[in-house]
Amino acid sequence: MNSEFHNSIRSIDALSSFNGSLSPVSDELAQEVRVALVYNGISHTVMMASPMNLEAFAVGFTLSERIVECASEIKGVELEEVELGVIVHLEITTRRFAELKQHRRNMAGRTGCGLCGVAQLDQAIKPVVPVVGSSRFNLAVMNSVLRTLKQQQPCFRITGATHAAMALDQDGCVIAGFEDVGRHIALDKLIGHFALNKLPMPRAVILTSRASFEMVQKAAAAGIEILFAMSAVTALAQELAQQSNLTLVGFCRDNRAMVYSCGERIVTGAAPMLQRVG
């Protein structure tokens with residue numbers, strides 16, 4: 001067990017109730033810590049996250065939130081552990097930092113004008129990013145994929161408290177998977193992993209959670225073509241997926257699934273699971 005993983009779990013003493021009696025037990029809980037993202041010396045946001053793979057999270061967040069357009073515009077990442085959590089210092093290009101500062105000034109400048117709420121609502125949903133590519137995914141082997149997921153979730157197996165985002169290769173195998181107490185952060189970690197290692201973004205990703213519009217927004221920004229969710233899909237997620245040309249599939253479990261957008265990428269039968277066309 002590596003130190004990052006060890007630090008993400010804490011053993012505590014608890015009382016277990018069974019058949020009307022209480023017994024002392026030891027239990028394992030998932031840790032969550034404050035993670036501050038600082039760009040070129042300016043604090044941007046603080047998130048609650050599992051204290052592992054934080055460099056991948058910071059890079060993935062920076063890409064999926066469109067603070068930069070490509071990983072090469074991130075010039076450095078440094079983690080600093082402090083008493084209250086972790087500070088991630090990111091150095092981005094002068095151009096992107098100027099844009100980030102301008103965005104922050106625009107939001108601050110609206111204070112007191114009576115339109116702040118409208119402005120903030122408008123900022124919540126970013127402009128649509130069209131997804132390109134014609135990959136095909138065969139649902140015939142989805143059950144075998146689902147059976148392997150728990151093997152890729154060591155923290156969940158111990159605590160039951162984390163979500164996961166996992167990338168699938170052309171044969172339907174999990175090629176990378178990341179856990180976090182926050183489902184959005186799990187996806188950011190996955191995106192950041194591929195960016196840090198200069199690997200092509202996966203064509204298909206499966207989430208152990210529901211798919212809200214933020215998850216679709218992040219997937220589209222990364223160029224992911226097919227997003228599977230083991231749980232439900234929200235109406236806004238479906239609308240955004242359709243506009244983004246992203247294939248969104250929900251309720252992936254026990255020989256069933258619901259295809260909500262761009263179903264031309266989904267096939268059934270004995271064909272290979274995931275094929276890149278063109």
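Student: How many salt bridges turn up in a search of the whole structure?

Tutor: The search finds ten salt bridges, a salt bridge being a side-chain nitrogen of Lys or Arg within 4 Å of a carboxyl oxygen of Asp or Glu. This is a predicted model, in which local features need pLDDT of at least 70 and side-chain atom pairs count only at pLDDT 80 or more, while totals for chains, interfaces and linings use all residues. Residues are numbered from 1 along each chain as its sequence is written, and side-chain values use heavy atoms, with hydrogens and water left out.

Student: OK, take E65 then: which residue does E65 form a salt bridge with?

Tutor: E65 pairs with K126, and their closest N and O atoms are 3.0 Å apart. The pair links distant parts of the chain, 61 residues apart, with E65 in the loop between α2 (54–64) and β5 (74–82) and K126 in the loop between α4 (116–124) and β7 (136–138). Helices (H or I, at least four residues) and strands (E, at least two) are DSSP runs, numbered from the N terminus.

Student: And why does K126 count as partly exposed?

Tutor: K126 counts as partly exposed because its relative accessibility is 21%. Buried means under 20% relative accessible area and exposed means over 50%, with partly exposed in between (1.4 Å probe, protein chains only).

Student: What about D188, which residue is its salt-bridge partner?

Tutor: D188 forms a salt bridge with K218, with the closest N and O atoms 3.0 Å apart. This pair also links distant parts of the chain, 30 residues apart, since D188 is in helix α7 (residues 183–196) and K218 is in helix α8. D188 is buried because its relative accessible area is 1%, and K218 counts as buried because its relative accessibility is 4%.

Student: Which residues get joined into one network by shared partners?

Tutor: Salt bridges that share partners join E69, E73, R95, R96 and E99 into one network. Within it, E73 forms a salt bridge with R96, the closest N and O atoms being 2.9 Å apart. E73 lies in the loop between α2 and β5 and R96 in helix α3 (residues 94–109), 23 residues apart, so that the pair links distant parts of the chain. Both E73 and R96 are buried.

Student: New topic: what volume does the largest cavity have?

Tutor: The largest cavity has a volume of about 30 Å³, and the structure holds one cavity of 30 Å³ or more. On a 1 Å grid over the protein atoms alone, a cavity is a set of points where a 1.4 Å probe fits but cannot get out, and a pocket is an open set with protein on both sides within 12 Å along at least five of seven lines, with lining residues having an atom within 4 Å of a point. Grid points are joined across faces, edges and corners, and a volume is the space filled by probe spheres set on the points.

Student: So what lines that cavity?

Tutor: The lining consists of R66, K126, P127, V128, V129, Q217, A220, L240 and S244. Helices α8 (213–222) and α9 (235–244) each supply at least two residues of this lining.

Student: And the second largest pocket, what volume does that have?

Tutor: The second largest pocket has a volume of about 270 Å³, and its lining includes E4, V33, L79 and G85. The largest share of that lining, three residues, comes from β5.
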